Amino acid sequence: MSSDALVADQTDHPGEPVAVTAAGALPWRLNKDQLEVLLIHRPRYDDWSWPKGKIDDGETIPECAVREVSEEIGLTGALGIPLPPIHYHVASGLKVVYYWAVRVNGDKLVPDGKEVDSVMWCAPDKAARLLSNPSDVAPLEYLQDAHDRGELNTWPLLVLRHAKAKPRSSWSKAEGERPLAATGTRQAKAVGRLLQAWKPPRVVTSPWLRCVATVAPYAKAAGAKVKLSEALTEHRHERNPKKTAAVVEGLFDKQRPVVVCTHRPALPTVFGQLAQHMPRHLAALLPAEEPYLSPGELVVCHVAPGAKNRIVAVEQFKPFDD
């Protein structure tokens with residue numbers, strides 16, 4: 001089961017345990033400036049739905065969404081803003097499905113032929129009429145509203161705390177050379193898999209070994225460009241937190257997906273700077289108490305492009321904990 005921190009809103013089913021967890025996406029595109037979404041047809045049920053599927057052992061919910069979309073329609077796009085999860089009952093009990101928006105930029109879609117035999121691009125109002133499960137309309141309406149607000153086409157800014165390091169008490173050499181513990185090495189691999197859900201091509205990290213080792217599996221697998229920033233180290237942050245904040249502010253300049261890896265003491269400064277780019281109700285979702293993030297945990301901020309660089313959604317996840 002996933003260990004991430006995303007929790008479904010069970011307003012209609014308070015206290016009822018979830019029997020089945022699934023995840024998927026609402027693929028979308030602009031066709032002559034008009035919003036279109038992609039429906040899939042499943043021959044087994046003869047219905048119109050969104051690409052989705054049940055979570056596998058050893059993966060997080062975002063990883064499940066990416067995998068299912070890839071398997072069912074051949075789309076490997078990065079996750080966009082989170083959409084409202086839906087709940088409904090199946091034979092085994094309450095089922096929850098988590099959804100994200102995923103932009104399709106001319107990608108060739110290849111239905112797998114077994115689970116999905118055809119796909120259809122259509123306007124949101126037509127999709128709402130065709131969807132076989134009435135619950136599937138809720139994430140569609142949210143996606144439409146986000147588009148109307150200019151908050152659908154976003155890029156992710158991720159904040160990552162390094163994986164578990166060897167204890168300070170057992171390390172006598174330079175603090176910057178303190179390595180990951182065995183658990184941290186496993187966490188770093190899991191972090192690498194989790195980051196593939198957003199596919200940031202840039203990594204900005206503290207040059208201390210435990211941070212570099214945390215992002216290394218992802219950077220190698222994804223071919224991401226890595227930039228080392230001394231201002232993200234514990235020592236530099238302690239001496240001049242304004243420079244740490246400046247590094248965070250600079251992440252907005254290129255308006256491209258990026259993950260920043262730093263240390264626990266620097267996290268309040270990092271989140272404080274990010275809070276300046278979001279409304280209060282979102283800022284309230286940022287970690288506010290020690291330890292802010294556990295080792296290997298991350299926060300995803302979805303940024304709407306433009307002069308204001310508005311953060312319009314915030315998520316928090318842990319890699320799968322074995």
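Contact here means heavy atoms within 4.5 Å.

This is a predicted model, where local features need pLDDT of at least 70, side-chain atom pairs count only at pLDDT 80 or more, and totals for chains, interfaces and linings use all residues. Residues are numbered from 1 along each chain as its sequence is written, and side-chain values use heavy atoms, with hydrogens and water left out.

Back to the domains. Domain 1 covers 20–149 and domain 2 covers 155–317. Those bounds come from an automatic or database domain assignment. The two centres, taken over C-alpha atoms, are 29 Å apart. Between them, domain 1 and domain 2 bury about 930 Å². Carbon and sulfur atoms carry 63% of that. Buried area is the accessible area (1.4 Å probe) that two parts lose on being put together, summed over both.

Now the strands. Helices (H or I, at least four residues) and strands (E, at least two) are DSSP runs, numbered from the N terminus. Two strands pair if DSSP finds at least two bridges between them.

Take strand E2, residues 34–42. Is E2 mostly covered or mostly open? Mostly covered: 8 of its 9 residues are buried. Buried means under 20% relative accessible area, exposed means over 50%, and partly exposed is in between (1.4 Å probe, protein chains only).

Which strands pair with E2? Start with E1, residues 18–31. E1 and E2 pair in the antiparallel sense over 4 bridges. Asn31 has Gln34 in E2 as its bridge partner. Next is E7, residues 118–122, antiparallel to E2 over 5 bridges. There, Leu38 stands opposite Trp121. Then comes E3, residues 47–49, antiparallel to E2 and joined to it by 3 bridges. Here His41 stands opposite Trp48.

E1 and E2 have 2 residues between them. Lys32 sits in that turn, with a positive phi of about 55°. Lys32 is not a glycine. Lys32 counts as exposed because its relative accessibility is 77%. E2 and E3 have 4 residues between them.

On to the helices. The expected span of a helix is 1.5 Å times one less than its number of residues. Helix H4 runs over 182–195. Its 14 residues should span 20 Å, and its end C-alpha atoms are 20 Å apart, so the two agree. Buried residues in H4 include Gly184, Gln187, Ala188, Val191 and Leu195. What do the buried residues of H4 pack against? Helix H1 (61–73), E8, H5, E11, strand E12 (298–304) and strand E13 (310–317).

Helix H5, residues 209–222, also has 14 residues. H5 reaches 20 Å from its first C-alpha to its last, close to the 20 Å expected. Where does H5 bend? At Ala216, by about 40°. The bend at a residue is the angle between axes fitted to the seven residues ending there and the seven starting there. A proline, Pro217, follows within four residues.

The buried residues of H5 are Arg210, Cys211, Thr214, Val215, Tyr218 and Ala219. An α-helix has 3.6 residues a turn, so residues three or four places apart point the same way. The cover over the buried residues of H5 includes strand E8 (155–161), H4, strand E9 (202–205), strand E10 (225–228), helix H6 (234–239) and strand E11 (258–262). Just after H5, Gly223 takes a positive phi of about 65°.

First, Met278, in the loop between helix H8 (267–275) and H9. Met278 counts as buried because its relative accessibility is 9%. Leaving aside neighbours within four places in sequence, Met278 is in contact with Ala283, Leu286, Cys301, Ile311 and Val314. Met278 and Arg310 are 32 residues apart in sequence, yet 5.9 Å apart in space, C-alpha to C-alpha.

Second, Pro291. Pro291 lies in the loop between helix H9 (280–283) and E12. The peptide bond from Glu290 to Pro291 is cis, with omega near 5°.
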